[in-house]
Amino acid sequence: MRRLLAFSLTSALAAALASAPAAAQSLEQSVKAAFLPKFARYVTWPPTARPSPGQPFVLCVIGSDPFGAALDRAVAGQQLEQSAILVRRLSSTAGADSCHLAFVHGASAKATEQMLDQIGRAPVLTVTDSRYGNARGMIHFAINRGRVSFHVDDAMAARSSLSISSRLLGVAMSVRQRS
Amino acid sequence: MHMRIFQGLHFVGIICGAGACAPARAEIVDQPSVEQLSQLSIEELAQVEVTAASKRAEPLSAAPAAVYVITEPEIARSPATSLPDLLRQAPNLQTQQIDARSYAITARGFNGAETANKLLALIDGRSIYTPLFSGIFWELHNPLLEDLHQIEVVSGPGGTLFGPNAVNGVVSITTKDARDTLGGLARATAGARERTAAVRYGFALGDAGAMRVYASAFERQGLPAGARADFDDDFRGVQAGFRLDYGAGDDAFTLQGDVFDTDLDPMPGDGDKGHNILARWTKRLSDRSSVQVRAYYDSYDRRAILVRDSLDTFDLETQFNATWGAHDVVLGAGVRTTKDLFDNDLNAFVLNPESKRLWVANFFGQDRIALNDRLSLILGLKAERSSFSGIELLPNVRLAWQPNDRTLLWSAVSRAVRTPSRIDRQLENLPLLAQATEFESEKLIAFEAGYRGQPSDSTTLSVSVFYNLYDDIRTTEFTGPTGGLPIRLANSLEGETYGVELWGTQQIAPWWQLRLGLATLGKNFHVKEGHVDLANRASLGNDPDFKATLRSQMDLTSRLAFDFGLRASDDLDNPPAKGYIDADARLAWRATDGIELYVAGNNLLHDRRDESGDPKRAQSVERTIYAGTRVRF
């Protein structure tokens with residue numbers, strides 16, 4: 001009986017521990033994680049930058065990772081055309097040339113800005129939380145009326161030879177037009 | 001489209017009434033899984049309400065109160081071409097069009113051109129009620145409706161954080177951040193009664209800022225004669241302005257301004273001119289605290305038939321927000337000074353002195369205490385002092401309880417005052433009318449309770465009830481104990497109002513939404529013992545017992561939208577005007593991504609009808625139909 005009690009206590013504790021990170025994972029981050037692979041569907045990469053047949057589409061988180069397992073779960077079983085989606089976490093932009101899409105999240109706005117600078121005009125779709133200044137990616141998340149929405153800097157995407165479909169632009173709160 | 005998401009998913013979080021959202025403090029206990037979210041389209045994902053985040057963008061009015069928010073899509077789809085007509089979308093406001101340019105708008109009673117004096121309206125924080133009579137000259141404000149981000153309409157005193165004159169309600173109009181209006185927009189509408197044209201252009205300023213400039217013009221034909229009054233109310237004008245937003249990281253800066261010039265017919269030179277400029281700076285001090293400073297200057301000059309009224313306003317306000325544990329604290333102070341000139345060559349009623357500088361200052365503090373995950377207590381206190389009043393203490397206590405994820409129950413008790421206006425204190429016409437040097441603030445203690453929630457997956461509902469106790473409402477009486485001239489204004493009416501406000505949305509199909517609204521009002525006032533009211537309770541206004549609205553929004557195809565609205569307003573009693581049922585509609589076609597064409601109409605069920613019972617001013621309203629286009633470039 002005591003063993004049973006001990007066992008049920010342990011399992012309750014284990015369950016609590018297991019669910020703790022899940023509960024801590026805010027809905028905001030889950031929604032953002034769900035958005036990331038979807039963005040890729042509405043973006044066309046230049047032919048040289050597309051994943052070759054059989055090769056994965058690489059979705060990177062550069063800097064600190066706010067999503068945790070949520071992102072892995074969001075891409076699980078998802079395909080982009082013929083490619084599986086591979087999540088790669090990088091602490092810096094070293095190796096970023098393998099990314100097709102990068103969520104860039106530095107410790108500060110300054111750090112994010114530097115990482116974006118280093119990615120430069122490589123054909124990487126950059127996504128950030130920061131909305132203003134140079135720390136802003138091609139797609140930047142915003143919270144509006146309690147919902148996750150996003151703005152699109154189409155001019156920046158054009159400089160990296162990426163083309164964003166009108167459907168994605170239509171959902172965006174605002175679009176900085178390509179000139 | 002986004003309603004599908006509610007099926008099979010449980011969420012917590014913010015509870016949205018028809019457009020009105022209350023951020024909840026509760027942690028997420030049962031949220032959709034990432035796998036479920038991954039099944040949604042990008043459009044649906046953009047509609048998922050996320051709790052934790054909402055606090056960050058918490059609107060001023062997030063205090064539990066009867067709040068209706070006119071959202072950006074509602075504004076874009078409205079057939080209204082002017083701000084007061086747009087405000088008809090709020091079920092908790094009563095709107096009377098008086099003539100082609102003037103409107104009387106109120107919440108919870110006292111409507112009328114002279115009596116709608118208990119409402120505060122703000123455009124980006126700039127107060128637009130006039131200290132002349134505490135009412136609002138709506139015709140002075142013609143912002144580009146396409147620039148509006150949202151309009152929060154609070155019925156009731158609205159809490160601590162709004163400025164002076166928030167007695168029966170608050171209308172807080174916010175325009176879009178300039179960074180959200182890049183590129184060009186042109187709009188033109190034309191109909192038999194009105195033509196409008198507007199153009200706006202927004203451009204980036206470096207990487208952290210943007211600016212937009214706009215110009216607009218309108219020409220409105222006068223309304224047909226009313227039951228008892230007929231005058232020439234043709235109205236035309238221009239307004240232009242700009243807004244600049246700048247800031248990356250911890251500082252955000254906004255500078256905006258408008259200039260306008262309108263004409264009316266009766267006498268050459270009649271019309272209104274004005275300009276304003278506003279600066280706002282917000283600094284994030286830490287993750288948990290921020291400070292905001294806002295200053296503005298506003299000036300206008302109104303001329304009509306031998307009357308000149310001008311007002312210059314300077315206003316400075318600062319506000320500090322911080323979170324400490326379970327406490328969300330706001331502290332602030334504001335000061336405003338106005339200098340007016342009221343020159344009346346039309347009749348013998350004058351303000352004495354003709355020109356005067358007034359001051360109003362206030363300090364305010366509010367603490368929102370999370371008693372537990374589900375229960376919050378809000379304590380607020382404002383101390384306000386004006387040139388015409390001593391220190392008025394305006395406390396309010398609010399309780400918000402979220403018994404489950406889809407329900408918010410709230411209640412509030414507040415004290416509010418309308419401090420004396422220039423007319424209340426200094427209008428005279430000797431030997432008939434003497435100044436009321438003793439005129440005091442009109443006082444209100446408001447008791448409110450409400451429910452806001454999502455009773456089913458496709459339904460949102462907000463219900464609020466109120467019981468308002470008024471004292472010292474304006475009357476007119478003899479100065480002598482036994483009667484005789486002169487007469488003067490006094491504070492001898494007291495009484496109560498009560499009512500229910502209800503609104504909700506029902507998503508019938510992914511492409512079809514219905515909105516319902518109802519507001520009722522009961523009034524029971526008496527003149528205090530030993531006093532008379534020679535004005536026969538004119539200051540109580542002229543209100544319908546109920547007002548009901550129904551709106552239907554349909555997306556017939558991805559490019560074709562059809563909306564219509566029905567509204568019913570009960571009879572007005574004093575003076576009488578018949579109640580009415582009327583309709584508006586709008587059919588819009590998005591020809592390309594950048595071009596929208598539409599036809600719209602208002603007052604469709606009548607050639608013409610009475611709307612305001614005002615015997616001296618009211619013209620009839622008539623059916624209007626117009627065609628319009630919006631082009632983005």
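**First stop: a proline in chain A**

Select Pro123(A), which lies in the loop between helix 4 (109-119) and strand 6 (125-128) of chain A. Helices (H or I, at least four residues) and strands (E, at least two) are DSSP runs, numbered from the N terminus. The model is predicted: local features need pLDDT of at least 70, side-chain atom pairs count only at pLDDT 80 or more, and totals for chains, interfaces and linings use all residues. Residues are numbered from 1 along each chain as its sequence is written, chains are lettered from A and ligands numbered from 1 in the order in which they are written, and side-chain values use heavy atoms, with hydrogens and water left out.

Is Pro123(A) buried or partly exposed? Its relative accessibility is 29%, so Pro123(A) counts as partly exposed. Here buried means under 20% relative accessible area, exposed means over 50%, and partly exposed lies in between (1.4 Å probe, protein chains only).

Now display the surroundings of Pro123(A). Not counting residues up to four places away in sequence, Pro123(A) touches Trp45(A), Pro46(A), Ala49(A), His100(A), Ser160(A) and Leu162(A); contact means heavy atoms within 4.5 Å.

**Second stop: chain B as a whole**

Chain B contains six helices and 38 strands. The radius of gyration of chain B is 24 Å, close to the 26 Å that the globule rule gives for 633 residues, so chain B is as compact as a globular protein of that length. This radius is taken over C-alpha atoms, and the globule rule is 2.2 Å times the number of residues to the power 0.38. Along its principal axes, the C-alpha trace of chain B spans about 80 × 55 × 50 Å. Of the 633 residues in chain B, 58% count as buried. Among contacts in chain B with a separation of 6 or more, 61% come from residues 24 or more positions apart.

Select Arg294(B), placed in strand 16 (residues 289-304) of chain B. With a relative accessible area of 12%, Arg294(B) is buried.

**Fourth stop: backbone geometry**

Most residues other than glycine have a negative phi, and most peptide bonds are trans. The next selections depart from this pattern.

- Select Asn352(B) and Pro353(B): the peptide bond between them is cis, with omega near 0°. Pro353(B) is in the loop between strand 19 (350-351) and strand 20 (355-370).
- Select Asn574(B) and Pro575(B): a cis peptide bond joins them, with omega about -5°. Pro575(B) is in the loop between strand 32 (572-573) and strand 33 (576-577).
- Select Asp472(B) in strand 26 (residues 459-478): its phi is near 65°, a positive value. At 9% relative accessibility, Asp472(B) counts as buried.
- Select Arg537(B), in the loop between strand 29 (522-527) and strand 30 (546-555): its phi is near 60°, again positive. At 32% relative accessibility, Arg537(B) counts as partly exposed.
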